[in-house]
Amino acid sequence: MTPGTLVGVGVGPGDPEHLTLKALRALQEADRVFVPETSARRGVAGRAEVIVAEHVPAERIERVHFAMGDDGARQAKWNAAGEAIAAVVRAGGTAVFATIGDPNLYSTFTYVAHTVRGLVAGVEVRTVPGITAMQDLAARSGTVLAEGSEPLTLFPYTAGDEPLRGALDRGDTVVVYKGGRHLPDVLDAVRDAGRLDESVYGEQLGLAGQEIGRAGERGGAGPYMSTVIVPARRNGDRGEKL
């Protein structure tokens, strides 16, 4: 039997209205839609599931469990999720893995797809892009991410403090993901670079607990999926970076 298809679908950072038409069609046409569940929120619908549940019958949605902060269990959970998805594509069906943000940007889908490819020879793997947290925060805060010849650096704080400081010193736009409990350290780095005043912070984007504001006014730790945007240094002239 010819194997089916695995589709990674980005559903955005939280706002159900950010689901694209192509993503909606992929969800509705799938034989099975898989959504991530983490150890920290076992038994509770995650962001991706909440969005998916508005468009897909509950009987076609299946949770797969991941251990994001447990190095020992992480590989085993990837394997278990891959096996569940492989059962659908082996039978010639279409399995969708719904992920917040975009499936090709810091997404668990990367590891799921790698696992399924190893389990099902010839499986077709496709992705449907989703709106990212940095795009959502930029729109909600009125922040320009890049213009003209400006580079944009997307930086996970898990990569370390010194590399972040190096990126900030260059003066280009820097977006910081995954600050979480280290958010005070992130903001210290931004402050030391003299760039705190123009920076913006966001968490729970598109959800009931959404918080958006000036980064310098945010105190204490934040959720793992918080976002900080440090815009490039600009003098305000139109087209200055062309």
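Tyrosine 106 is partly exposed, with a relative accessible area of 40%; here buried means under 20% relative accessible area, exposed over 50% and partly exposed in between, with a 1.4 Å probe and protein chains only. Tyrosine 177, in contrast, is buried at 10%. This is a predicted model, in which local features need pLDDT of at least 70 and side-chain atom pairs count only at pLDDT 80 or more, while totals for chains, interfaces and linings use all residues. Residues are numbered from 1 along each chain as its sequence is written, and side-chain values use heavy atoms, leaving out hydrogens and water.

The structure holds four aromatic pairs; rings of Phe, Tyr and Trp (its six-membered ring) pair if their centres lie within 6.5 Å, and planes under 30 degrees apart count as stacked, over 60 as edge-to-face and the rest as tilted. One of the pairs is tilted: phenylalanine 97 and phenylalanine 109, 6.2 Å centre to centre with 35° between the planes. Phenylalanine 97 lies in strand β4 (residues 94-99) and phenylalanine 109 in helix α4 (residues 109-119), so their pair ties together parts that are 12 residues apart in sequence. Helices (H or I, at least four residues) and strands (E, at least two) are DSSP runs, numbered from the N terminus. Tyrosine 106 and tyrosine 177 form an edge-to-face pair, with 6.2 Å between centres and 65° between planes. Because tyrosine 106 lies in the loop between β4 and α4 and tyrosine 177 in strand β7, this pair ties together parts that are 71 residues apart in sequence.

Now follow tyrosine 177 into its strand. Five of the five residues of β7 are buried, so β7 is largely enclosed by the rest of the structure. On one side sit Thr173, Val175 and Tyr177, and on the other Val174 and Val176.

Which sheet does β7 belong to? An open sheet of five strands has the order β6-β7-β10-β8-β9, with mixed pairing; two strands pair if DSSP finds at least two bridges between them. At the edges stand β6 (152-156) and β9 (211-214), each with a single partner strand, so one side of each is left without a neighbour in the sheet. Five bridges join β6 to β7 in parallel, whereas β7 and β10 run antiparallel, joined by four bridges.

α6 lies across β6, β7 and β10, running at about 155° to β7; axes are lines fitted to C-alpha atoms, for helices over the stretch in contact (heavy atoms within 4.5 Å), and angles run from 0 to 180 degrees between N-to-C directions. In helix α7 (residues 183-192), Leu183, Val186, Leu187, Ala189 and Val190 are buried. Seen down the axis of α7, these buried residues fall within an arc of 155°, so they line one face of the helix; the arc is that of the directions from the helix axis to the C-beta atoms. What covers them includes α6 (161-169), β7 (173-177), β8 (200-203) and β10 (227-230).
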